[in-house]
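Here is a protein chain to go through by question and answer. Each answer sets a value against its cut-off.

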Amino acid sequence: MLSMMRTPRALHAAGGSGSPLGSAVDSGAACSAFGRPSRGASVSPWLALLLALCAGAAAAVDEVDSLCIDCHRPAQSRGAVPVIEGQHADYLRAQLERFQHRHREGFPMNALSAGLQPEQIETLVQQLSSREWRPAQPATEADVSAGRERLDTLDCSGCHGAGFLGGGSIPRLAGQQTAYLERQILGFSDAERHHPPVGGGVRMYSLDAEDAAAIALALSEMR
Ligand code: HEC
Ligand code: HEC
């Protein structure tokens, strides 16, 4: 898998200007942005992975599971990293390109995508989009009525679909991580990450924290 990602040197030799995650890593610039924990500091698993990549752990560089899914796994205690397996190809491609060109800011994705070649992005997109979507958490008994009501009033399903399964360049939201959704909703602005106006011409950035939390919960509980 990802055979093109196995040989960053061959890519350089062939005139490629960057290796996969590696090139950001090789340049040192991206890695220095992450800093290094002081001795004895506790290191979260994803930071450990990042440091391993930064240290040039070649073995990690040809597996999408260790490259991407170690962070993007469905079961997470904080739910801050989005589910990407089973997300739509056009949407995934657009996001990776935006991270790469810094049209979307999102730690650590700007640095991680910096050195990817278009063919490598396409390989990742095809692999991820062809996988089955695994919802973020098992459904709970949480009261989602407030969020459902906001989703209806604002006609969010008009684009994201009745079941919020998305399609094409519109992302699936059903079963996405709660904390991630909440942060995106609050983070939309015309300047940073753009979202089209919703029902009644409402701008996403006019939603308050209470709306964002209720909507995020209702979406993440959908299957
Ligand atoms: C160190 C952890 C980490 C690793 C490794 C990682 N990601 Fe991410 N990724 C994140 C975080 C955190 C976000 C959310 C960024 C934000 O807040 O916008 C994200 C966001 C994304 C998104 C946007 C999803 C959406 O719903 O908009 C895509 C696509 C993505 N990553 C793809 C990848 C791919 C492909 C790989 C492997 C090459 C990868 N990521 C590796 C942490 C990681
Ligand atoms: C006019 C069509 C449209 C409507 C209506 C709409 N969306 Fe979206 N939404 C989009 C598109 C397109 C994107 C992808 C934006 C991008 O490429 O960054 C998106 C992205 C999102 C994301 C980011 C998902 C991710 O994985 O990062 C969230 C969250 C979201 N929408 C929530 C909502 C909510 C909540 C509503 C109702 C208040 C809504 N959307 C209504 C088109 C729409």
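**Confidence, then details**

Q: How confident is the predictor in this protein chain, on average?
A: This is a predicted model. The protein chain averages a pLDDT of 79. A score of at least 70 is reached by 72% of the residues.

Q: Which elements of the protein chain have the lowest and the highest mean pLDDT?
A: Helix α1, residues 8-13, has the lowest, at 30. Helix α6 has the highest, at 98.

Q: Over residues 1-43, what is the pLDDT, and how many contacts does the stretch have beyond near neighbours in sequence?
A: The pLDDT is below 50 there, and the model shows 61 such contacts. Residues 54-61 also have a pLDDT below 50, with 15 contacts beyond near neighbours in sequence. Where pLDDT is low, the coordinates should not be read in detail.

Q: What makes the phi of R102 worth a remark?
A: The phi of R102 is positive, about 60°, and R102 is not a glycine. Most residues other than glycine have a negative phi. R102 sits in the loop between α6 and α7.

Q: Why is D155 called partly exposed?
A: D155 has 13 other C-beta atoms within 10 Å. Exposed needs 12 or fewer and buried needs 20 or more, so D155 falls in between. D155 lies in the loop between α9 and α10. Its phi is positive too, near 55°.

Q: What makes the peptide bond from F107 to P108 cis?
A: Its omega is near 0°. Most peptide bonds are trans. P108 is in the loop between α6 and α7.

Q: Why does G161 count as partly exposed?
A: G161 has 15 C-beta neighbours inside 10 Å. That count lies between the cut-offs of 12 and 20, so G161 is partly exposed. G161 is in the loop between α10 and α11. Leaving aside neighbours within four places in sequence, G161 contacts G166 and G167.

Q: Which residues of α11 are buried, and how do you know where they sit around the axis?
A: The buried ones are T178, L181, E182 and Q184. They cover an arc of only 165° around the axis, so they are on the same side of α11. These buried residues pack against α12.

Q: How do you know that the span of α12 is close to the expected one?
A: Helix α12, residues 209-220, has 12 residues. From first C-alpha to last, α12 reaches 16 Å. At 1.5 Å a residue, 16 Å is expected.

Q: Which residues of α12 are buried, and what covers them?
A: The buried residues are D211, A212, A214, I215, A216, A218, L219 and S220. Their cover includes α9 and α11.

Q: How many residues surround ligand 2, and which are closest?
A: There are 21, and the closest are L154, C156, C159, P196 and V198. The elements giving two or more residues to this shell are α10 (157-160) and α11 (178-187).

Q: What is the make-up of the shell around ligand 2 by class?
A: The shell has 13 nonpolar, six polar and two charged residues.

Notes
Residues are numbered from 1 along each chain as its sequence is written. Chains are lettered from A and ligands numbered from 1 in the order in which they are written. This is a predicted model: local features need pLDDT of at least 70, side-chain atom pairs count only at pLDDT 80 or more; totals for chains, interfaces and linings use all residues. A residue is near a molecule or strand if its C-beta atom, placed from the backbone, lies within 6 Å of it. Helices (H or I, at least four residues) and strands (E, at least two) are DSSP runs, numbered from the N terminus. Ala, Val, Leu, Ile, Met, Phe, Trp, Tyr, Cys and Pro count as nonpolar, Asp, Glu, Lys and Arg as charged, and the others, Gly among them, as polar. pLDDT is the predictor's confidence in each residue, from 0 to 100. Two residues are in contact if their C-beta atoms, placed from the backbone, lie within 7 Å. The expected span of a helix is 1.5 Å times one less than its number of residues. The arc is that of the directions from the helix axis to the C-beta atoms.
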